[in-house]
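Biologist: I am new to this structure and would like a close look at one part of it, a pocket and what lines it. Could you then carry on from there to the contacts between side chains?

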Amino acid sequence: MRRWQRMLPVLALLAGCQAEPAHETATEVRALRRDVVTTDPADPAWDEAPEYRATLLLQDMVEPRLLAPSTPEVRVRALTDGARLAVRLEWADAAPDDLPGPARFSDACALQLPAQAAADVPAPQMGEAGRPVEITYWRASWQATVDGRPDDVKALYPGAAVDAYPFEAASLEPGSPEQVAMAKRYAPARALGNDLAGPREQPVQDLVSEGPGTLRPAERARSDGRGRRTPSGWAVVLVRPLSPLHGAGDTPRQVAFAVWSGENGEVGARKMRTGWVPLRIEGAP
Amino acid sequence: MARVHNWQIGRDMSYWYPESRPQKQFAAVFDTNKCISCQTCTIACKTTWTSGKGQEYMLWNNVETKPYGFYPMAWDLKLLERLGPQSWRDGAYQGRTLFEAAEAGERVLGWRPEEIDYAYPNVGEDDCAGGDVEQGADFRIPHDKWFFYLARICNHCTYPACLASCPRASIYKRPEDGIVLIDQGRCRGYQECVKACPYKKVFYNPMTGTSEKCIACFPKLEQGIQPQCFVNCIGKIRFAGHVSTPAEAREDNPLDYLVHVKKVALPLYPQWGLEPNVYYVPPIHVPRRFLRQMFGPQVDAAIETYRGAADDLDLAGLLCLFGSTERVVPRWKRTGDVVIGMEEDGSEIVRVPITEPIFIRRAFDAARGVTRTNTP
Amino acid sequence: MKPNGLSRREFLEAASALGFGAFVQSATRAWGLDAVENPLARYPSRDWENAYRDLWKTDSSFTFLCAPNDTHNCIVNAYVRSGVVTRIGPTMRYGEATDLDGNRASHRWDPRVCQKGLALTRRFYGDRRVRHPMVRKGFKQWVEAGFPRGADGRPPKELLDRARDEWLRVSHEEAAGIVAAALVDIAETYTGEAGQELLRTQGYQEEVVAATQGAGTQVLKFRGGMPLLGLTRVFGMYRLANSMALLDAKIRGVGPDQALGARGFDNYSWHTDLPPGHPMVTGQQTVEFDLSSVELCRTLVVWGMNWVTTKMPDAHWMTEARLKGTRVVNIACEYSSTSSKADDAIVVRPGTTPALALGLANVVLREKLYDADYVRRWTDLPLLVRMDTLKYLSAADVLGGAPAPLANQTRVLAPGEKAPPPGKQSDQLLPAALRDEWGDYVWWDAAAGAARRLVRDGVGQRSEVGGDALLEGAVEVTLQDGSTVRCRPVFDLVKEYAAHFDPKTVEEMTWAPAAAVERLARDIAAHPGTTLFAVGMGPNQFFNNDNKDRDIFLLAALTGNVGRLAGNVGSFAGNYRVALFNGVPQYINEDPFDLELDPAKPARVKQYWRPESAHYYNHEHHILKVGNRTLTGKGHVPTPTKSMWFANANSILGNVKWHYNTVVNVLPTIEMICVNEWWWSTSCEWADVVFAVDSWAELKFPDISASVTNPFITVFPATPMPRLFDTRGDIEVLAQVGEALAERTGDARFADCWKLVREKRVEAYLQRILDASSCASGYDMDDLHAKAKQGIPALLLSRTYPKAVGYEQIADDRPWYTKSGRLEFYRDEDEFIEAGENLPVHREPIDSTFYEPNVIVAPPHEALRPKGPADYGVSPGELDCETRQGRNVVLTWAQARDSKHPLREQGFRFVFHTPKYRHGAHTMPIDTDFVAMLFGPFGDMYRHDKRAPFVAEGYVDINPEDGRALGVEDGDYVWIDSDPSDRPFRGWQENAKDYEFSRLLCRARYYPGTPRGVTRMWFNMYGATPGSVAGAKSRADGLAKNPATNYQAMFRSGSHQSATRGWLKPTWMTDSLVRKEMFGQQLGKGFLPDVHCPTGAPRESIVKITKAEAGGIGGEGLWRPAQLGLRPGYESPAMKRYLTGDLAPAGTDTADPTKEDA
């Protein structure tokens, strides 16, 4: 972790003295200022933003580790309206994995910011005690439900045949408080309001972490986003608010990215990720 | 990794967390000689806990026919194969436990069933091993063609692999009773526990995005009542309670008596190192090599003891007490032909005769002017 | 869908509503994350556990009785949350059951429940519930058009399009009106000479037409399925049948003296549960014992009974008895579930039980190991038989004089003397006519060289048959008229016959090793009176089932094992002994012309309805005729069936043996079919009217049941559960129709029959039954009901606890219900002599044999002189299924061994049997999702293979080597065909439309537990119907589910009943067999439903098996478990090592080879 602190000034310097034309590979993520930010990955506005190509590294620092490299890189473009940061991540992925199930994992990606801008940043692997990171996380299976896949077993298993669910008994008025409560009761994670449990209205989730194993949902969901299949893989837009804590004006900022390949069994700590990448936000407050 | 003691393998071993035993450890004895694979336990559990969406395939309790039955497919076969040769000497396990055999980047040696491995939950039902049965086959103990029923729930292990494998410590062991739970509010559905549990008793629920498992019906146990799969066991093979360590074993604790005193009930795959807390009376008709592979080297002694029950009223009596009350029976005693189950304080819960009484009614019930007959 | 863009201004407005402060706050709070240090020791916040505590909570609970036809009758608790029964569990209070004297059962009887009962929640709320009365469109049109008929009386064909026609929802009142109208019209149509003429035109046999006696009500058939399972609810069907006498009186204008009621179908015998040889040996229905008795015996022989799968709540009695030292011997045609709990297990050839019993008797006789005292005191073995007539030697012929007076718990009824009601009868009651007909018997005093009179009273300690009684050899006896006749004791005849069944021969016939036969015989004989024979449905479902009973009783009698608590024979199939409540005539036979409307008073009884064996309906209403001979006794002759109405059973139609022949060839001759159901069964698919009735959990009136395998009276409690749908109680449906009939006929008595139902005082009917019943008199219905509501049954007031038929014979020296008062092994009635079954012989199965079917295996024997094919004018080579039934051909084993089943050359090489299993009961098939998923190898809730008809499906078990020989892989789909002359139905060759859903298509499983040549399909599952086949084609998910009715099949086409048929055996249909009446102690003879009538033999079938499709998903490649190397015959190297215990050899200290499998 010390290593990261030492590198910072260097990165900042590089960032400071070179203005990259959009078409060439950037050495930092630069968010162009626009009046409107979009969640549409296909919006032409993205073409104007410089593309940063982030090489992805194995998460092989903490158990459970990923030992076999999968997705090599993620291409990043960013926009901002001054209040929010919008990032489009693109990466190659032969087939979509968006069906949840035993031994089925979903394609996913995330961006991570230090919860508070400071001269030195927390460890890029989920932050560290006392120095949290904020994460915006997108999952292909959530995108599928948001795009209209029913919240139902037949959507996952078209052949499924079930005689009855207790919470769909003829004596219960569909949608009545008793019926809704009963349905939740038979899905404890939903009854407990576990963010993962769905049904989802958002393909993204706001998370906070203070070191491996401490990940938890942020108090409020503030981010937005959308993912789409491209001919070669995924293009996902993540839009998250910026706060003064994330730094003001020209303070050096960092961002990190992660990509999960479902077919490769990547989930949680088993992922491809970047280290901290310099981030410049045009006309930030 | 810490060093902990595992009495089932007669030695210390490494584990992800330091040893910490609960005040009491939930435990159970299953008598495979009484199990009839009626699946009442399975349905009792399923209709109570896993009738929700995404749980259709999920059997916290299942009964499979050994050796051709598996749920999920090949669960124990795969792991035995991966773990390789295992040997015992003088009751001490010489090989590596699943924690000691963990591969780079892992905390436990595990494997992940494919989604379709959970199909056919009763595959192998009543299929016998030892080759095809011939016309006129004539069997005596041990049977040379054989199968037996293995009822399985979560073992609420002293050293759970699921707990060790959870990257965010969402799985814990209750200090008061040793029950292992997955926090449904905190779990993020990484399925690491599904991969790590060698008994494959953790299941991923695609509709909640979390992993779920047997909770030993703790809401019932908290009221002194046995879990659903015990109370509904019509084969009367099950007895729930608490097991002590060998050093603290008590004769009047039914589980201690069967596990530590009579040593007639044995853990499932003790060599894996989890110190599982469901203890099985091995089937007396099955070839011993297979049983040793599954229950360890104590099998021969356990079967001899069980076959002596006809001349051992205590053992026979206690086994006949199984399933006669829904309450947890922490203490027991036998007086003559009657077996009594008691609370800790000695107050009586239930008493049963070792042999059901015979009543002969008067042929003519004068009081009511009617003949009482067996051929009406 | 959110808009793609949101302007900065818009966002800031939204954000400032919360303000960045809130966001900072959230982040800050997040910094207090818990790092759990050791989850073995401590976990921070456990409030979440309440989620499971909440899921466990219930608002209330109530009890109901789960009583399919499985003999267990479990009062269970239903747990309610938010008005929904979320789960079911045992009451755990059977241990509190007591009787009037304070005797009490123990808690070892708890828990009583099973997986099928727990899964009832899936039925209560499943989409196959019958939600309201339904009427078939074409039938409604027929009724509304005023019952148009052709010249032959038949309704128009186009209105009889069952199982394909539309269904219309109607009210209960409307349904009742429709049914009442049809009952009246059908009865009117077939009344009188005109009606009988119509029946003749329709082609019924003359005897069958004559049997109606011109009363149209006689073509109306009613059936309360297994009425012991509901004394008022189900038995009510017979009360209704009795009230049809009112209709006959009106139509024919006759008085009560001549009026005839309807006909009622049988149950126990219809289900092939009746062991027909029991009355042939003991003179009464069946010998059985409560299953808990096995604790008392030294040896338990489980014979053709898969105890642990079919007697599940009582399986622990067996495993616990074994634990305590009882030796368990299992005899089955496979290595069964029960074999795995046995000390000794023997795998025998299906259908050879009579031969095996004879083989065991052979050893006992040859080695003189028999219990001679028991033989002399309790059996007819010392009695002399005349070799000229093959009749018992009559004492009158030898010693002269009139029959001796009877005094031993026996009374002769003077001509015209009326017997007291059954529940009041103590002594055996013999009509004088019968007594005179039998006279007394003769045994031979060898010492004195004299004939001795044997009087029926002389049994047990009262027996005068001394140690010098001749058992072996022949004597010339001089008769009163001076002539002499050669006579031999039954013992001698039996011994000579049994000599043919030496262990070596028996090994060839039955496959049971000679050594095993000798070992078992010697062990049983070494300890007389300590062996219980628990005989199951397996051997009983073969054509030779009466041979089986007579031969097993022979073995048991020779070893002193009949009528003792620790030594007895039990036949365990179905639940039947309605006589446990022998006061039931108070209800079913209350005189409809003289009804007692005061609930406090007993009813006046008169039976107007006639019982009939449903096997004739199943047999296209033919009685058995072979060549020039009629082989159905006069008392058995059926009438045509024009209306059929049944409750509580799918077995009379949906799961009928020979189902596809019945629906294709019989149903078109029936004009109305009504079903009471709460779950849309196969029977509903084929019905005209379906009355929606309450599920067991919704019963609003109490009812009563009991069982032959346990000591309890179990009450169906009325429950507080509100009806989920537009249903009524079964008995309310009957009352409704009664009222409709009253309206239509103007005769109020039709309605008064059900007055106490209308007044909601059904308890009064039940109290009348209790008061009049030997085993229940003294109980108060309200007390029983109150206890049942707490989950507590009562103890039946039978003579003993545990029950054991025959106890009184042994303990009180009471005669059996036979002519001689003894266990009879010789049958001298003409029908038996003609059939070559005057001796307890072995017949080869009638279809399930590799040899010539139904031959009597015997040596040349002086006493065996059956009438053969030639006597009937039939060619000896004629083996078609009809002729075969009356074919009395004797072959020695050596000859039989060289013979062949007529279809063998055409590839019909596999015995196909259909036993019951743990996942289904007779009236509760393997059907709901949770239960079906666990049924065998192919369960899959997610149906990865869309070909699966449901989440599981029917399959055939086949020996792996047989499979390989056929080119069938484990898991493949196969076609199964039986005798093409009549299965799946006669005429399938010209009827592709019906053949499409009739031919059996199912999965095949490699099953190492079944020997070569023997295949098995479990019983029972809902079969394919036109609707289920249409559903599989039209539905996106491919389910074999009728889109119109939600009927769910477990087969893509056909069913286990595609290969079965009904069979009629002459010895089941005599007019002369003496047997106790159904209720009470009176003796009579000939036809008696559920006691002496056909049983059908549905387990007989020899089949051809051909591969249809590969087992892999979608028909691609191998079925996955086989492909993974985890199946028998497909083992991977690792699996091989796993099976031998070599994958993880448990170490050095077990290396000692002597310890291997010690």
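Modeller: Happy to, and let's begin with the second largest pocket, whose lining is made up of 28 nonpolar, seven polar and 10 charged residues. Please keep in mind throughout that this is a predicted model. The space in this second largest pocket comes to about 660 Å³. It has 45 lining residues, and those closest to its centre are Met126(A), Gly211(A), Pro212(A), Gly213(A) and Thr214(A). Three elements of chain A give two or more residues to this lining: strand S7 (108-114), strand S8 (133-139) and strand S13 (253-260). Of these, S13(A) gives the most, with four residues.

Now for the largest pocket, which holds about 1,100 Å³ of space. A total of 41 residues line the largest pocket, and nearest its centre lie Pro422(C), Pro585(C), Asn589(C), Gln607(C) and Phe1079(C). In chain C, strand S8 (263-265) and H22 each provide at least two residues of this lining. The largest share, three residues, is from H22(C). By class, the lining of the largest pocket contains 23 nonpolar, 11 polar and seven charged residues.

From the pockets we can move on to charged pairs. Side chains of opposite charge can pair when their charged atoms come close. Over all chains, the count of salt bridges is 171.

One of them is between Asp126(B) and Arg918(C), with the closest N and O atoms 3.4 Å apart. Asp126(B) sits in the loop between strand S6 (92-93) and strand S7 (138-139) of chain B, while Arg918(C) sits in the loop between strand S34 (910-913) and helix H35 (929-933) of chain C, so this pair joins two chains. Both Asp126(B) and Arg918(C) are buried.

Another salt bridge links Glu288(C) to Arg577(C), and here the closest N and O atoms are 3.2 Å apart. Glu288(C) is in the loop between helix H10 (277-282) and strand S9 (299-303), and Arg577(C) is in the loop between strand S20 (568-571) and helix H22 (585-588), so the pair ties together parts of chain C that are 289 residues apart in sequence. Glu288(C) and Arg577(C) are both buried.

Glu144(C) and Lys140(C) form a salt bridge whose closest N and O atoms are 2.8 Å apart. Both belong to helix H5 (residues 137-144) of chain C, where four residues, about one turn of the helix, separate them. What about their exposure? Glu144(C) counts as exposed because its relative accessible area is 54%, and the cut-off for exposed is over 50%. Lys140(C), in contrast, is buried, with a relative accessible area of 14%.

Salt bridges can also link up, as chain A shows. There, Glu51(A), Arg53(A), Glu73(A), Arg75(A), Arg77(A), Arg88(A) and Glu90(A) are joined in a network of salt bridges.

Ser244(B) is classed as buried because its relative accessibility is 19%, and buried means under 20%. The side chains of Ser244(B) and Asp256(B) are joined by a polar contact of 2.6 Å. If we set aside neighbours within four places in sequence, Ser244(B) is in contact with Ala249(B), Asn253(B), Asp256(B) and His260(B).

Conventions
Residues are numbered from 1 along each chain as its sequence is written. Chains are lettered from A and ligands numbered from 1 in the order in which they are written. This is a predicted model: local features need pLDDT of at least 70, side-chain atom pairs count only at pLDDT 80 or more; totals for chains, interfaces and linings use all residues. Side-chain values use heavy atoms; hydrogens and water are left out. A salt bridge is a side-chain nitrogen of Lys or Arg within 4 Å of a carboxyl oxygen of Asp or Glu. Buried means under 20% relative accessible area, exposed over 50%, partly exposed in between (1.4 Å probe, protein chains only). A polar contact is a pair of N or O atoms within 3.5 Å; within protein, one must be able to donate a hydrogen and the other to accept it, and residues adjacent in sequence count only if both atoms are side-chain atoms. Contact means heavy atoms within 4.5 Å. On a 1 Å grid over the protein atoms alone, a cavity is a set of points where a 1.4 Å probe fits but cannot get out, and a pocket is an open set with protein on both sides within 12 Å along at least five of seven lines; lining residues have an atom within 4 Å of a point. Grid points are joined across faces, edges and corners, and a volume is the space filled by probe spheres set on the points. Ala, Val, Leu, Ile, Met, Phe, Trp, Tyr, Cys and Pro count as nonpolar, Asp, Glu, Lys and Arg as charged, and the others, Gly among them, as polar.
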